[in-house]
Structure formats: structure tokens, C-alpha cells
Amino acid sequence: MIRKLFIFTALWLYSILLPAQQSVFRLRITDASGEVLPGAVAVLYPSRQAAMADGEGLAIFNDLPAGKYRLEVSYLGYETYITDLQIPFAGTMAVMLKQRQMNLQEVRVIASGTRMEKPSVVLPSEAVGQAYVRRFYAGSLAASLERLPGVSSISIGVNQSKPVIRGLAFHRVLVVEDGLRHESQQWGEEHGLEIDALSAGKVEVIRGPSSVRYGSDAIGGVLNIVSTTAPGQEVFSGHLSLLAASVNQQMGLNSLLQWKEGRSWAYVGLGWRDAADSRVPADSVDVYNFRIPLRYGRLRNTAGMERSFRAGYGFSRGRWNHQLRLSAINSRQGFFAHAHGIEPRSVDTLLHDQSQRDIQYPYHEVLHLKFIGQSRLSLAAGSLQLMLGYQKNLMDERSAYVSHGFMPSVLPSELMKHADLERHFVKDAVSAEALWQQNLKSFNWSAGLAAASVQNRIGGWAFIFPGYHAQNIGLFSLIDAQPRPGHLLQAGLRLDGSALQIAGYRDWFASPDGVFVQRAHDLSLRYLSLSWSGGYGLTKGHWSLKANAGKSFRLPTAAELGANGVNYHQFRFEQGNAQLRPETSYQFDLSAEWRNARLALELSPFTAWSPNYIYLNPTAEHDYLYGNGNQKYVYTQAQVFRAGGELHLHYGISETLVAGLMLETLYSRQLSGPKKGFGLPISPPASGLINLNWSPKTVFPLELAADVVLTSAQRRIVPPEAPTPGWYTINLRANALIQLRNQPLELSVQLNNLTNTIYFNHLSYYRRINLPEAGRNVMVVARLPIDSKKLKPQKKI
């Protein structure tokens with residue numbers, strides 16, 4: 001029996017890897033500047049086989065019989081490319097698409113802020129390019145994406161923020177960069193993403209359960225970021241971007257140089273950003289019932305800086321394609337001086353007011369290193385992709401030593417060397433993935449194996465949660481089928497096995513009875529999780545309909561399991577729960593879109609139910625052992641129902657004028673637990689945006705736009721969370737492409753909060769202490785492309 005099975009397996013592998021009369025046809029799709037066009041669709045006739053370009057602009061057809069074919073390549077906003085060819089075709093065909101004058105149907109894509117859509121994905125999703133990020137740059141990547149449907153951000157001042165998708169954030173929204181899941185200190189509201197917004201080449205936002213493909217933490221959705229892709233032709237090119245903002249006197253630059261010759265390419269980029277204290281339209285604020293005067297409306301110690309570096313090298317050899325990427329980002333961000341662990345009135349205001357750009361205590365500093373190696377083997381039957389990644393995240397929270405509870409009033413001499421080191425985190429993460437993709441005539445099938453090991457070590461004089469070591473391995477399979485033209489069926493299944501070891505921790509100081517209190521115990525946990533999804537899409541005439549159902553999961557974190565300390569940023573005591581189980585969510589998404597040459601209307605409702613949602617529950621207890629009577633918050637689980645959706649309407653008034661309306665709403669309700677009947681904490685209120693875009697016919701491309709942002713009051717809160725009144729702002733925007741002799745200049749200017757309105761963002765980290773949002777702000781981003789010099793023309797690469 002074993003011999004027969006061996007012979008059968010050998011014959012099957014032989015039939016897959018060495019087909020006798022089938023061919024593989026590859027093409028790379030770019031625009032006139034050499035930028036790749038992910039999502040472009042290529043179709044071969046008469047077989048009607050279709051393939052979509054991936055993140056590198058590469059589209060692959062497998063199992064093609066020899067013969068003559070007609071190739072058609074299309075992409076939104078570009079002229080359709082048509083040519084005849086002979087299969088087999090040696091090498092990779094280079095296809096360059098030319099931009100064309102857009103009709104009103106396509107202008108609505110620009111008006112809504114999206115450069116392209118993903119019609120071949122059943123889950124609601126949007127994809128944008130670097131041009132979008134520059135156009136709506138808001139100081140951080142997450143804040144710059146807020147115009148996309150269902151996307152908002154938890155802001156930490158002007159410089160940092162965390163992404164929120166349909167009300168979910170932190171460990172419920174997964175960030176992936178260049179195929180590698182981003183591992184930072186996601187547990188804290190006060191920690192932003194260590195990703196330079198102006199280095200993100202393309203960003204795809206998936207709204208909905210995505211654990212089948214990405215594993216844990218993708219309950220709410222995914223931010224899939226591609227930093228830099230290989231040029232489509234042999235060039236030496238790049239760009240220099242300069243930015244400035246008035247509200248915090250921010251200055252910065254981002255540069256990139258890239259080179260491609262033959263089958264090799266490389267790039268190197270640098271980023272630099274420096275910001276002063278942010279300004280609000282008020283001369284004083286109330287912090288914990290204390291009136292704090294502000295000098296010139298500036299929030300003391302909210303200055304920040306960021307430095308980044310990235311480099312990559314890629315080459316092709318035969319059927320293999322290899323890429324190596326390295327990035328490093330270092331940031332330092334001050335916290336509002338009156339809101340961190342000390343009595344607000346005891347702050348040395350004279351010291352902080354001496355300079356708007358110095359960063360005093362308290363602040364945090366982060367260094368994030370990332371290395372990614374990727375290889376792709378193209379075979380007649382499909383392709384094999386291999387990925388190996390390593391990340392190191394170093395984060396220090398520094399402040400003047402403050403005694404709480406049993407802590408000694410003066411730091412012992414042996415600890416004085418690190419007297420300002422409140423908390424220290426060192427995270428090492430290793431990830432690996434193997435993915436097999438097989439494209440057949442009627443469906444595409446893929447299967448993968450992913451593994452990860454993450455270790456987080458802690459230090460400093462203030463304990464909040466223990467160190468840990470997490471390991472995970474996942475096996476998944478996905479299928480894409482097109483049973484008939486205009487119909488799309490997608491399904492997937494994934495099994496994850498996980499292990500988590502939490503390290504015990506004792507206080508470094510003794511209690512009055514001489515005991516070094518055990519704050520966390522050694523803990524070893526094992527989990528097994530099953531995820532699934534299935535969806536169907538239909539495109540017919542003016543209509544496009546999509547439906548998807550899925551189950552996702554996320555593992556409880558070390559903070560949720562083992563926290564036992566004071567969070568000085570929030571003035572509260574947080575306590576973990578070792579009995580927490582993995583959080584699961586069942587979600588159903590619908591999407592209906594109707595469009596013609598003048599009108600586009602899209603409605604995307606969803607509903608979700610979680611039987612064991614994890615959240616931090618405020619209790620009636622107070623801590624007097626480790627703090628000064630801070631209220632206790634305990635991690636717990638409850639049944640939660642969520643529903644909401646997005647509505648987008650865009651109408652072309654004329655060839656140059658487009659009006660848009662965007663509405664978003666979210667409802668949540670706890671169905672069990674101590675807060676039964678309440679919503680979820682930090683939930684975004686209903687919001688809307690009225691937009692008018694005018695593109696006059698001038699000697700150079702010009703776009704003028706006005707937005708009215710409307711946000712309702714948020715009264716569905718979880719006490720002691722405070723309700724937030726509604727507000728509106730008016731924002732203006734101008735984008736132009738100016739030719740300075742032989743040098744083009746891309747210019748984006750924003751005027752946000754035109755009327756200098758005082759308002760509160762319910763998702764702001766500083767909302768808890770009644771700090772208003774930034775005042776009137778002029779943001780300018782200028783980009784100077786370096787003239788692409790084509791090294792030598794060729795049709796095949």
C-alpha cells in the first residue's frame with residue numbers, strides 16, 4: 001500500500017511540475033512612468049482566461065496550450081491595451097498602459113479619495129496609492145486614511161495615531177507591510193504605528209474578517225501596505241517630498257532613489273520629520289477639574305520627531321525572483337505634560353514654555369527594525385512564494401521617578417543609572433510563510449503554511465504587564481472560482497495552533513511587611529482556532545453585488561491575561577484575567593453598487609456577533625496598594641452585537657465638477673456581562689462628509705475641493721467614559737501638477753478646520769482629559785520627481 005501511494009504521489013508531482021505541452025505566460029503591467037499597476041486585469045482570447053496583476057504588477061497565466069492568442073489589458077483610468085501574441089512566449093512581456101481622459105463615472109473614484117477598487121475581492125476593500133496619502137496627509141498614516149469608508153483613527157496628538165476599522169482597533173486590526181505582519185507595542189492607545197506615511201507606496205484596506213488569510217488579530221480588518229515595488233522598465237529614478245504644517249510647525253522630507261537594470265533592481269530611501277508643540281484654539285484647558293493655562297494655545301511637551309531609513313534589492317534568475325528589504329524607524333514623542341502620572345498643577349510650566357520643540361519628560365522613544373526576505377518560484381502549474389521576516393522593536397517610556405503605593409520615595413542608588421526609565425520593552429519577532437498558488441482555467445487555488453515566534457521582554461521601575469513568548473503556526477487554503485462571466489465565488493479555511501508562555505514578575509521593592517509582592521505568575525497556555533469565510537459576487541450591467549460571511553479570531557494578549565499595575569497615561573489600575581479565552585467573531589457583509597456615466601451609489605452594511613469579546617471593564621473598586629486610589633479596570637469577556645455600514649454617493653454635475661456624500665454609522669451593544677445593555681468603549685459616532693471637487697481646464701492639472709465634515713454626538717458610552725458633543729469642520733484642498741521648465745512639481749495644499757472650531761474627537765487619546773483637537777492647520781506637501789532616465793529600450797524583461 002505504501003509503495004502504491006509513493007508511486008501515485010510521484011506521478012502526481014511529475015504531472016504538476018513537468019507538464020508536457022502546457023506553457024506559462026507572464027506579463028508585468030505598468031504606467032508610462034514605470035509605476036506598477038496592481039489590480040490591472042489581463043484577459044486572453046479565445047480561452048477567456050483572466051489574471052490580475054499582483055503587488056509587483058505581475059500577472060501570470062498557467063497551463064496554456066501552444067497557439068495564437070489575443071491579449072487585452074485594462075485598468076481604471078487607462079486605455080485598454082490589445083495585442084496578438086504567440087504561446088509559448090519567452091521571458092516576461094512588458095505592458096505599459098497610457099492614461100486617458102476620465103469620464104464622470106471614474107472621476108467619482110478621485111472624489112472619494114480612492115485610486116482603485118478591488119472588484120475581484122468579495123470583502124469590502126479599497127486600495128490607494130502614495131498620491132492619495134500625500135493629498136490627504138494628516139501627520140500619520142492612519143489619520144491620512146480617514147476618508148476611506150469605515151476607517152478612522154485613535155489619535156495621540158497630531159503626530160501619531162492607530163487605525164480603526166468599523167470601530168475596532170488595537171489587536172483587532174492587523175497591519176501588514178510588504179507581506180509581513182507588523183509587530184510593535186499594539187497594546188497601548190498612546191503608541192502609534194512605526195511606519196512612515198510618505199514611504200507607503202500603496203495601501204489596501206480590507207473591512208471585515210480576514211483571519212483565514214492572516215490569522216489572529218484580523219477580526220476588524222487589515223491594512224496591507226506595499227512600500228516600494230520594482231520599476232516596470234530599466235530606469236534610474238526617484239523623488240523628493242517636502243512637507244510642512246502650521247499647527248505644530250512641522251517640517252519634514254522623504255526621499256527615494258531606485259534603479260533597475262536587466263533582472264536586478266534596488267532602492268534606498270530616507271525620511272525625516274520634526275514637529276513642535278501642537279496648538280489648540282484655546283488659552284486654557286480643564287484637566288481633572290483643574291484649569292491649566294496654555295501659552296499661545298500650545299499643548300506643552302507634545303513635540304515629536306521621526307527618522308526613517310529603507311533599502312531593498314531584488315533580482316530574477318530563471319524561474320526564481322528574490323527580494324530583500326530592510327527598514328528602520330526611530331521616533332520620539334512627548335506626552336502632554338499635565339497628563340502623565342503626576343498632579344497636573346505640579347508641572348514646571350516655565351521649563352516647558354522655554355521652547356516649543358524640546359521634548360521633556362514624559363515621552364516615549366521607539367526604534368523599530370525590520371528585515372524581509374521573499375522568493376518566488378514560477379512553475380507551469382503555479383507559483384511558490386516563500387517569506388522570512390525578522391523585527392525588533394525597542395520602546396522606552398521615560399519620565400521623572402514618581403513614588404506610588406509601596407514604592408520607596410527615593411529611588412535606590414543601584415537603580416539611579418536608569419532613574420528616568422519608567423518602562424522598557426524589547427520585542428523580537430520571527431515570521432515565515434510558504435504559499436502555493438495554482439491558477440486553473442475556471443478557478444484559482446492557494447494553500448499556505450505560516451509560522452511566527454514573538455518574544456517581548458520588559459524592564460523599568462513601573463510594572464504594567466509581564467513579559468511573554470508567543471508561538472503560532474497556521475495552515476490555510478483559499479479558492480477563487482468564476483463559474484460564469486460576472487460571477488465570483490470565494491471561500492477559505494484556516495487552522496491555527498498557538499502557545500503562550502507568560503513570565504512571572506515580582507516587585508523590585510518590598511512591601512511594609514518585607515514581602516516582594518508577586519505581580520504576575522508563570523503561565524503556559526495552548527489554543528486551537530478555526531477560521532472560515534465564504535463569499536459571492538455578481539456584476540451585471542450597472543450593478544455590482546457582493547456578500548460575505550466569515551468567522552475570525554484573536555488570541556488574548558499578555559496584557560489582557562497578566563496586567564497588574566497602574567497605567568500612568570490613563571490614571572487607572574489595570575488588572576488582567578488569566579481565564580480569558582480566544583475572542584471569536586462572526587460577521588456578515590453586504591455590498592451593493594450601482595453606477596453609470598454620471599452617478600455612482602454604494603451601500604455596504606454589515607452585522608457581527610462575538611460570544612466572547614474582550615474589553616477592559618471599569619469597576620467600583622480602587623487600588624491603594626500600588627497606586628494612589630486609582631480606579632480598577634479588569635479585563636473581562638461578554639457577548640457583543642455590532643452593526644453598521646457605509647453609504648457613498650457621487651454625482652457628476654459636469655465634466656469638471658463632482659459632488660459627493662459619504663455617511664458612516666456604527667451600533668454596538670453588550671448582550672451579557674457587567675455592562676449588559678451598554679455599547680463598547682471608544683466607539684466612533686456616526687459621521688458624514690459632503691464633498692465638492694472642481695477640476696478646471698487650465699494649462700496645468702489642477703483640482704480644487706471643499707469638504708464639510710459632520711460628526712454626531714456620541715452618547716452610547718461605557719462609564720466613566722464621557723459623552724462627546726457633535727461637531728463639524730470645513731476643510732479646503734488644492735492639488736496641482738506644475739511644470740518648472742523640465743522639472744515637474746506635484747503640490748498638495750490643505751486648509752483644515754477653516755473656522756478654527758473648538759471640538760472634541762471621541763477617539764482621541766487626549767479626549768479623556770478634555771483636550772480639544774488641533775486648531776486651524778495649513779498642510780503643504782510638495783513632491784519633486786527625479787526624471788526617469790530609461791537605460792535602454794526593450795520589450796521583454
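Okay, let's start with a sheet: 4 strands form an open one, in the order 3-2-5-6, with antiparallel pairing. Strands here are DSSP runs of E with at least two residues, helices are runs of H or I with at least four, and both are numbered from the N terminus. Two strands pair if DSSP finds at least two bridges between them.

Which strands stand at the edges? Strand 3 (49-52) and strand 6 (81-87) do, and each has a single partner strand, so one side of each is left without a neighbour in the sheet. From one strand to the next, the twist averages 25°; that uses axes fitted as lines to C-alpha atoms, with angles from 0 to 180 degrees between N-to-C directions.

Strand 5, residues 67-74, pairs with strand 6 in the antiparallel sense over 7 bridges. Lys68, for instance, has Gln86 in strand 6 as its bridge partner.

Before we go on, a word on the model: it's predicted, so local features need pLDDT of at least 70 and side-chain atom pairs count only at pLDDT 80 or more, while totals for chains, interfaces and linings use all residues. Residues are numbered from 1 along each chain as its sequence is written, and side-chain values use heavy atoms, leaving out hydrogens and water.

Zooming out, the protein chain has 7 helices and 43 strands. Of its 797 residues, 56% count as buried, meaning under 20% relative accessible area with a 1.4 Å probe, protein chains only; exposed is over 50%, and partly exposed is in between.

Next, the core. A nonpolar core is a set of buried Ala, Val, Leu, Ile, Met, Phe, Trp, Tyr and Cys residues joined through side-chain atoms within 4.5 Å. The largest one has 25 residues, and Leu141, Leu145, Val203 and Val205 have the most contacts inside it. Among the elements that each supply at least two residues of this core are helix 3 (130-135) and strand 14 (202-207). Setting aside neighbours within four places in sequence, Leu145 is in contact (heavy atoms within 4.5 Å) with Val128, Tyr132, Val151, Val203, Val205 and Leu223.

Last stop: Ser764, in the loop between strand 42 (743-752) and strand 43. Is Ser764 buried or exposed? Its relative accessibility is 1%, so Ser764 counts as buried. Beyond its neighbours within four places in sequence, Ser764 is in contact with Ser155 and Glu773.
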